[in-house]
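I opened my notebook to get to know a new structure.

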Amino acid sequence: MDDKQKIVKSFRDLDVYKLAFDSAMQIFELTKNWPLEERYSATDQIRRSSRSVCANLAEAWRKRRYPAHFVSKLSDSDSEAAETEVWIDFGFNCNYLKDDDYEILKDNYDHIERMLTKMISSPGKWCLNLKK
């Protein structure tokens, strides 16, 4: 079921948030096995950017009274998703991620970015006091 077909009371109800949160948690679990020398670079960066996708979605949700702010926070979320993809690529090319995990994460972030793009393209469906 699509978000717009069901009642969304909280950012936690958004399909894009659920996928982003689940993906960030998957990244957290997978990066536990990354080399210690990556702790302050790749590991922290991918965890930070993947979590930031979720945090920016939550902030966007609270800014729905202001369409420009809403879109700006969604754009920040989209940028963080793109950064996460780069770290996923590094993780794979450094042999920290298995093929299956890499493909799943790549697919998840592709979906996340497409969902964010749809929301950015039609803020009236999401923002308060705007014509749909």
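**Ground rules.** I am working with a predicted model, where local features need pLDDT of at least 70, side-chain atom pairs count only at pLDDT 80 or more, and totals for chains, interfaces and linings use all residues. I number residues from 1 along each chain as its sequence is written, and my side-chain values use heavy atoms, with hydrogens and water left out.

**Overall fold.** Helices here are DSSP runs of H or I with at least four residues, strands are E runs with at least two, and both are numbered from the N terminus. Along the sequence I read the pattern α-α-α-α.

**Size.** Along the principal axes, the C-alpha atoms of the protein chain fill a box of roughly 50 × 30 × 20 Å.

**Burial.** I found that 42% of the 132 residues count as buried. Buried means under 20% relative accessible area, exposed over 50%, and partly exposed in between (1.4 Å probe, protein chains only).

**The core.** Which residues touch the most other members of the largest nonpolar core? Among its 31 residues, they are Leu14, Leu57, Ile88, Tyr109 and Ile112. I noted that α1 (15–31), α2 (39–62), α3 (67–93) and α4 (99–121) each supply at least two residues of this core, and that α2 gives the largest share, eight residues. Such a core is a set of buried Ala, Val, Leu, Ile, Met, Phe, Trp, Tyr and Cys residues joined through side-chain atoms within 4.5 Å.

I zoomed in on isoleucine 112. Leaving aside neighbours within four places in sequence, isoleucine 112 is in contact (heavy atoms within 4.5 Å) with Val16, Leu19, Ala20, Ser23, Val53 and Ala81.

**Two single residues.** Is threonine 43 buried or exposed? Threonine 43 sits in helix α2 and counts as buried because its relative accessibility is 6%. Beyond its neighbours within four places in sequence, threonine 43 contacts Thr31, Trp34 and Glu38.

Asparagine 95 lies in the loop between α3 and α4 and is exposed, with a relative accessible area of 69%. Its phi is near 65°, a positive value in a residue other than glycine. Most residues other than glycine have a negative phi.
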